[in-house]
Amino acid sequence: MNGIVIVDKPQGWTSQDVTARLRRVFSTRRIGHGGTLDPMATGVLPVFVGRATRGVEFFEHAEKTYETVLRLGLTTDTEDVTGTVLTETMPNISREELEKTLEFFRGDILQVPPMYSALKVNGQKLCDLARKGQEIAREPRPITIHELTLLSFHGTEAALRVRCSKGTYIRTLCKDIGEKLGCGGCMAALRRVQAGEYTIGEAVPLETLLETDKPEEYLRNVDTMFRAYPPVTLTENQEKRCRNGNSFSVKLPEGLFRAYSAAGEFLMLAEVKNGVMETVKSFFEV
């Protein structure tokens, strides 16, 4: 079986837990996921099965959209409510103050990765060092917050919608907003509602996948992850050159395309430059 299944990851599962179980469901070891979610997070987790795993690398740079809850007045060592409490206060923050503070976090910003993360420094994961009580200096990294919207605000909890670039830590964003307000803060809940082209409305509960005897019915074609790009049907000669890994002339504008055979088989993600089409990534069966 080949394709992409959009899983609605439940709380308490790691992304690796999900792929491990789905290896049994789809009877294959060739499985990968598109974008790690922490155990406390839920929501969209694209899982690539079989030949579709060739598309995992394209999800590394996909934008993600989250709905999160910021708990004001509480700080922890993990920057979310699952960690050890460091400070706790009862802040008196107005909606206007919060809205004004959010402006500082929109657009291109720098973010220091949390100690409780899988990032490696000198070959060691930061989270492993953190569990040993160690903390080391981390360089701030550039990220982009494309959207940061206040959905609701009641007492000490603010619901936010965040659309962001690769490498963004939402719990660190919550911590930083709390610091900017002067009261501290951490992440109380997180749900990913979109990853790349896939939305929460397309996601299948993991429980459904574990109980079905027809998992193939939930697989999407790998070309769905590229649906933002226009399709093009190749001629017989062009298809032959494509399958041989060769470029060829086309009368198309520059840009990325989904290339198909005359029979409708998705062949490749292609790029056209100066009237020449070449393979970005092939997906046909060899």
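Residues are numbered from 1 along each chain as its sequence is written, and side-chain values use heavy atoms, with hydrogens and water left out. Because the model is predicted, local features need pLDDT of at least 70 and side-chain atom pairs count only at pLDDT 80 or more, whereas totals for chains, interfaces and linings use all residues.

Helices (H or I, at least four residues) and strands (E, at least two) are DSSP runs, numbered from the N terminus. Helix 4 comprises the twelve residues 170-181, and its end C-alpha atoms lie 17 Å apart, in agreement with the 16 Å that it should span at 1.5 Å a residue; the expected span is 1.5 Å times one less than the number of residues. The helix is mostly covered, with nine of its twelve residues buried, where buried means under 20% relative accessible area, exposed over 50% and partly exposed in between (1.4 Å probe, protein chains only). Just after helix 4, Gly 182 adopts a positive phi of about 85 degrees.

Helix 2 and helix 4 pack at an angle of about 120 degrees, with their axes 10 Å apart; axes are lines fitted to C-alpha atoms, for helices over the stretch in contact, and angles run from 0 to 180 degrees between N-to-C directions. Helix 2 is therefore oblique to helix 4, given that angles under 35 degrees count as roughly parallel, over 145 as roughly antiparallel, 65 to 115 as roughly perpendicular and the rest as oblique. Glu 97, Leu 98, Thr 101 and Leu 102 of helix 2 make the contact with Ile 177, Lys 180 and Leu 181 of helix 4, contact being defined as heavy atoms within 4.5 Å.

The count of salt bridges comes to 16, each being a side-chain nitrogen of Lys or Arg within 4 Å of a carboxyl oxygen of Asp or Glu. Glu 67 forms a salt bridge with Arg 161, the closest N and O atoms being 3.2 Å apart. This pair links distant parts of the chain, with Glu 67 in strand 4 and Arg 161 in strand 11, 94 residues apart. Glu 67 is partly exposed at 33% relative accessible area, as is Arg 161 at 25%. In another salt bridge, the side chains of Arg 220 and Glu 202 meet at 3.4 Å, N to O; Arg 220 is partly exposed at 27%, whereas Glu 202 is buried at 17%. Arg 243 and Glu 239 meet at 2.9 Å, N to O, and are separated by about one helical turn because they are four residues apart in helix 6 (residues 236-243).

Gly 35 lies in the loop between strand 2 (31-33) and strand 3 (42-49), and counts as partly exposed at 22% relative accessibility. When residues up to four places away in sequence are not counted, Gly 35 touches Ser 15, Leu 45 and Arg 192. Gly 35 and Phe 105 are 70 residues apart in sequence and 22 Å apart in space, C-alpha to C-alpha.
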